[in-house]
Amino acid sequence: MMLRRGFILFLPRLVGLLVVACCSMSIVYMLACTPKGDNQQLALPRVHSPTAKEGYEAILQEREEQHRNYIISLKKQIAQLKAELQGRTEQLKNMQNQYPDSLDIRLDHSKPEKAQANLLAFLRSQVDKAEVHSGVKLSTEYAAVPFESFTLQKVYQLETGLTRHPEEKPVRKDKRDELIEVIELAVGSLNKPDGVSKAKPHVYTASDFVEGIYRTEKNKGTLYELTFKGDAKHQFKKIVLFRPFGPVMKVKNENVNMADTLINVIVPLAKRASKFRQFMQNFREMGIQQDGRIHLTVVYFGKEQMNEVKSILENTSKSANFKNFTFIQLNEEFSRGKGLDVGARFWKGNNVVLFFCDVDIYFTAEFLNSCRLNTQPGKKVFYPVLFSQYNPSIIYGHRDSIPSLEQQLIIKKETGFWRDFGFGMTCQYRSDFINIGGFDLDIKGWGGEDVHLYRKYLHSNLMVIRTPVRGLFHLWHEKQCLDELTPEQYKMCMQSKAMNEASHGQLGMLIFKQEIETHLHRQKLSSKKA
């Protein structure tokens with residue numbers, strides 16, 4: 001009983017102690033969790049102070065203010081991070097515009113809107129990079145990309161190509177269609193209402209076009225500046241257009257094995273045994289020794305010097321252990337087209353690459369690979385532009401001796417020119433040559449047959465690869481234009497003869513040779529008197 005009564009009396013005290021302990025723990029927790037100020041920690045008011053209630057309210061207000069400031073600080077930091085992220089994004093975008101990786105511009109068909117936006121952004125960046133709004137610093141006067149000018153009828157060009165005319169009608173369909181499209185687009189743009197002027201607008205037509213200039217920066221696009229007649233005299237309308245080039249896209253990635261691809265070199269010939277001996281030296285070194293996948297077909301016209309030519313061929317065969325050759329003799333007047341046609345049709349093996357050649361041609365083993373790589377049956381034929389050598393006697397006339405043939409074969413404007421008007425040296429598969437109909441056998445003598453075949457290929461669905469090559473040379477020889485040629489053939493022959501001799505500068509030195517010698521003689525006399 002005594003114990004129970006004592007326990008009952010002690011219980012209220014125990015409860016009081018527990019309450020005091022809980023309050024103490026709460027106060028300690030609040031002190032620990034209360035944020036500190038910048039320089040001091042908040043102090044609790046005394047419990048027995050008459051302002052205890054006001055003190056706690058002040059503490060709560062202070063704490064609320066500190067939390068509010070803390071939130072504001074976090075918001076500022078978040079805003080700064082967002083601004084920095086946006087700045088970095090802009091820098092990255094500018095770098096991508098300056099150095100775009102075209103492989104990263106994907107045309108994702110699952111997201112056409114995004115693909116279109118990416119492509120549009122790239123095309124706009126092309127305008128910014130080209131010389132449209134401002135110029136760029138150039139290192140030399142040769143670094144400037146020149147403009148070419150055009151009207152409705154003519155194009156005035158620096159790079160004259162095959163025609164060699166400084167002004168001409170745009171013969172090539174792609175160039176003609178391009179300029180027509182540009183003029184039509186400019187006229188349509190000029191006739192769009194501007195929404196500002198209330199006067200009756202002038203309706204522009206192509207006849208108002210005065211002139212235009214254009215130039216192409218190879219990796220950016222083509223800039224067009226077009227001038228039209230204005231509303232009054234001495235007034236003009238100028239419109240600038242730009243056709244940006246798109247990103248480079250991978251079309252094909254394939255392995256090409258040419259280990260078993262044979263080339264049949266067909267050479268039509270009449271007389272010229274000494275030239276044939278020189279040709280066989282080149283053929284032995286480049287064709288037999290270095291390449292080894294080659295056949296030679298010689299189509300010989302007449303009998304004069306025939307035995308000498310056959311002897312040269314047989315000696316090469318024995319010394320080089322070379323059996324892949326064919327000799328065909330025709331008792332008729334020489335016709336290059338007939339000789340090549342006969343040689344191509346004589347082949348009875350599998351489909352083979354035909355290289356139509358002449359005895360005054362020098363080729364390298366690298367060219368033979370180019371011949372293989374740029375032909376494909378039913379797809380492609382190869383028309384290389386060879387480098388034609390000038391007359392060595394004129395080029396090296398000031399020297400004691402003319403260098404060896406290998407030393408002469410240097411591609412420089414003083415030593416020769418790209419024979420871009422010639423279409424005689426060509427590579428194609430025999431199946432394509434037969435299917436196209438071969439040469440026109442009605443053409444006799446020199447010239448014309450190669451152009452006729454070239455046009456056949458152009459009118460077909462085959463791709464014609466036309467490019468200058470560094471491993472194919474036309475060796476200089478004196479050209480004779482026979483009286484039996486037609487007027488058109490004779491004119492072509494004389495033009496070719498004139499161009500074969502020397503460059504304009506070298507020919508000019510020959511023309512003014514007497515004047516130069518007279519000048520030198522006068523100077524010599526003046527120096528003696530002095």
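## Ground rules

Since the model is predicted, local features need pLDDT of at least 70 and side-chain atom pairs count only at pLDDT 80 or more, while totals for chains, interfaces and linings use all residues. Residues are numbered from 1 along each chain as its sequence is written, and side-chain values use heavy atoms, with hydrogens and water left out.

## The chain as a whole

The protein chain carries 15 helices and 15 strands. Both are DSSP runs numbered from the N terminus: H or I with at least four residues for helices, E with at least two for strands. Of its 530 residues, 34% count as buried; buried means under 20% relative accessible area, exposed over 50%, and partly exposed in between (1.4 Å probe, protein chains only).

The protein chain exposes about 35,700 Å², and 55% of that comes from carbon and sulfur atoms. Areas here are Shrake-Rupley values with a 1.4 Å probe, and for residues only the protein chains shown count as cover. As for contacts (heavy atoms within 4.5 Å), take those in the protein chain with a separation of 6 or more: residues 24 or more positions apart account for 70% of them.

## A hairpin

Strands S5 (residues 221-229) and S6 (residues 236-244) pair up antiparallel over nine bridges. Pairing here takes at least two DSSP bridges between the strands. Gly-221 has Pro-244 of S6 as its bridge partner. Six residues sit between the strands of this hairpin, and His-234 takes a positive phi near 70°.

## Nonpolar cores

In soluble globular proteins, nonpolar side chains tend to be buried together. A core here is a set of buried Ala, Val, Leu, Ile, Met, Phe, Trp, Tyr and Cys residues joined through side-chain atoms within 4.5 Å. The largest one has 42 residues, and the members that touch the most others are Val-265, Phe-276, Phe-279, Phe-283, Phe-355 and Phe-367. Helix H5 (residues 273-291) supplies the largest share of this core, with seven residues. Apart from it lies another core of 23 residues, including Ala-344, Ile-436, Leu-453 and Val-464.

Who does Phe-276 touch, leaving aside residues up to four places away in sequence? The list is Leu-269, Val-298, Val-309, Ile-312, Leu-313 and Val-359.

## Cysteines

There are two disulfides in the structure, a disulfide being a pair of cysteine sulfur atoms within 2.5 Å. With the bonded cysteines numbered in sequence order, the pairing reads 1-2, 3-4.

Cys-371 lies in helix H8 (residues 365-373) and Cys-427 in strand S14 (residues 426-429), so the bond ties together parts 56 residues apart in sequence. Its S-S torsion is about -120°, so this disulfide is left-handed. Both Cys-371 and Cys-427 are buried.

Cys-481 is joined to Cys-493, S to S 2.1 Å. Cys-481 sits in the loop between strand S15 (463-474) and helix H13 (487-501), and Cys-493 in helix H13, twelve residues apart. The torsion about this S-S bond is about -90°, so the Cys-481 and Cys-493 disulfide is left-handed. Cys-481 counts as buried because its relative accessibility is 14%, and Cys-493 is buried at 2%.

That leaves Cys-357, which is in no disulfide; the nearest cysteine sulfur belongs to Cys-427, 9.1 Å away. Cys-357 counts as buried, at 0% relative accessibility.
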